[in-house]
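Let's take a friendly walk through a protein structure, looking at how its chains meet and how each one folds. Keep the picture open as you read.

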There are 2 protein chains.
Amino acid sequence: MDRFPHMKRALELAAEAAEAGEVPVGAVLVGPDGAVLAETRNRMREAHDPTAHAEIAAIRAACASMGADRLIGCDLYVTLEPCPMCAAAISAARVARVYYGASDPKSGGVEQGPRIFSHPQAHHVPEIYDGILAPEATALLQDFFRARR
Amino acid sequence: MDRFPHMKRALELAAEAAEAGEVPVGAVLVGPDGAVLAETRNRMREAHDPTAHAEIAAIRAACASMGADRLIGCDLYVTLEPCPMCAAAISAARVARVYYGASDPKSGGVEQGPRIFSHPQAHHVPEIYDGILAPEATALLQDFFRARR
């Protein structure tokens, strides 16, 4: 049985990010019919764009491919807890479900600090499933930062 | 004496947004030497991109033009209080100062709800100057929503 194939793909994308010198985070966006709409990874450094997190890239690519500005019924798989910017973008895009891997005490915005989905200013709150293949996501991040110290 | 010329320009851009059927928010990003790096407005609907807020567009355009992923020493003028997504992007981009117009109780993320800059997960906190030409920004927004009711 192949559990969490989309998260496994997101982990592959995160590993690609690390090879490119980017903080290893990968994302996969899946449509209501199960079709993969976007496979993305962090590209902040190579794109010279501080907003080029994997999740923002996935939302932008999926919306562009659908010609819509909302992702009703879509699922986002991402290897790390979204930061506040990405959590708010997920809400704005009306993503239905978010599956994420590792928690991010330093920069997360879902279960840490600003807790984006816990305020009335979040006009849409997705279903959240955390800890999905978290040890694999954590290992990628730890290896990346260890090699840079 | 011409007070707040960059905010006046941002208000012009907000009015352009309204004419295009977008929620009227405009932004101007100014470099450390006073040069204008980006003039942007909301384009979520026409771009099919829920992340295409004026502030995100300004940060992306300025970073692209500078070939950098940080906007050290730069000032952002925006007609409305940034939402949580934009506030977190402002922090990630290391924008030095944010001047904004109207407060946004419904969707703001600076002085409302998640208060992005008040948590340790915000690794950079800009100087904030609020209420700059706020009546003009509010009037644009009220006219826009009144016409759509």
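Below we look at the ground rules, then the interface, then the sheet of each chain.

## Ground rules

This is a predicted model, in which local features need pLDDT of at least 70 and side-chain atom pairs count only at pLDDT 80 or more, while totals for chains, interfaces and linings use all residues. Residues are numbered from 1 along each chain as its sequence is written, chains are lettered from A and ligands numbered from 1 in the order in which they are written, and side-chain values use heavy atoms, leaving out hydrogens and water.

## Where the chains meet

Start with contacts, meaning heavy atoms within 4.5 Å. Here 32 residues of chain A are in contact with 32 residues of chain B. The size of an interface is often given as the accessible area lost when the parts come together. For chain A and chain B this buried area (accessible area, 1.4 Å probe, lost on being put together and summed over both) is about 2,400 Å², with 64% of it on carbon and sulfur atoms. On the side of chain A, the residues that lose the most area to chain B are A:P50, A:R60 and A:Q121, together 25% of what that side buries.

Which residue of chain A forms a salt bridge with B:D49? A:R60 does, with the closest N and O atoms 2.9 Å apart. A salt bridge here is a side-chain nitrogen of Lys or Arg within 4 Å of a carboxyl oxygen of Asp or Glu, and the interface has two of them. The side of chain A that touches chain B has 17 nonpolar, ten polar and five charged residues. In this grouping, Ala, Val, Leu, Ile, Met, Phe, Trp, Tyr, Cys and Pro are nonpolar, Asp, Glu, Lys and Arg are charged, and the others, Gly among them, are polar.

## The sheet of chain A

Helices (H or I, at least four residues) and strands (E, at least two) are DSSP runs, numbered from the N terminus. Two strands pair if DSSP finds at least two bridges between them. In chain A, five strands make an open sheet in the order 2-1-3-4-5, with mixed pairing. Strand 2 (36-41) and strand 5 (127-129) of chain A are at the edges with a single partner strand each, so one side of each has no neighbour in the sheet.

Inside this sheet, strand 1 (residues 26-30) and strand 3 (residues 75-80) of chain A pair in the antiparallel sense over four bridges. Along that pairing, A:V30 stands opposite A:D75. Helix 3 of chain A packs on the sheet, touching strand 1, strand 2 and strand 3 of chain A.

## The sheet of chain B

Chain B has an open sheet of five strands in the order 2-1-3-4-5, and its pairing is mixed. Its edge strands are strand 2 (36-41) and strand 5 (127-129) of chain B, each pairing on one side only. Strand 1 (residues 26-30) of chain B pairs with strand 2 of chain B in the antiparallel sense over five bridges, and B:L29 has B:A38 as its bridge partner in strand 2 of chain B.

Definitions and conventions. Buried area is the accessible area (1.4 Å probe) that two parts lose on being put together, summed over both. Axes are lines fitted to C-alpha atoms, for helices over the stretch in contact, and angles run from 0 to 180 degrees between N-to-C directions.
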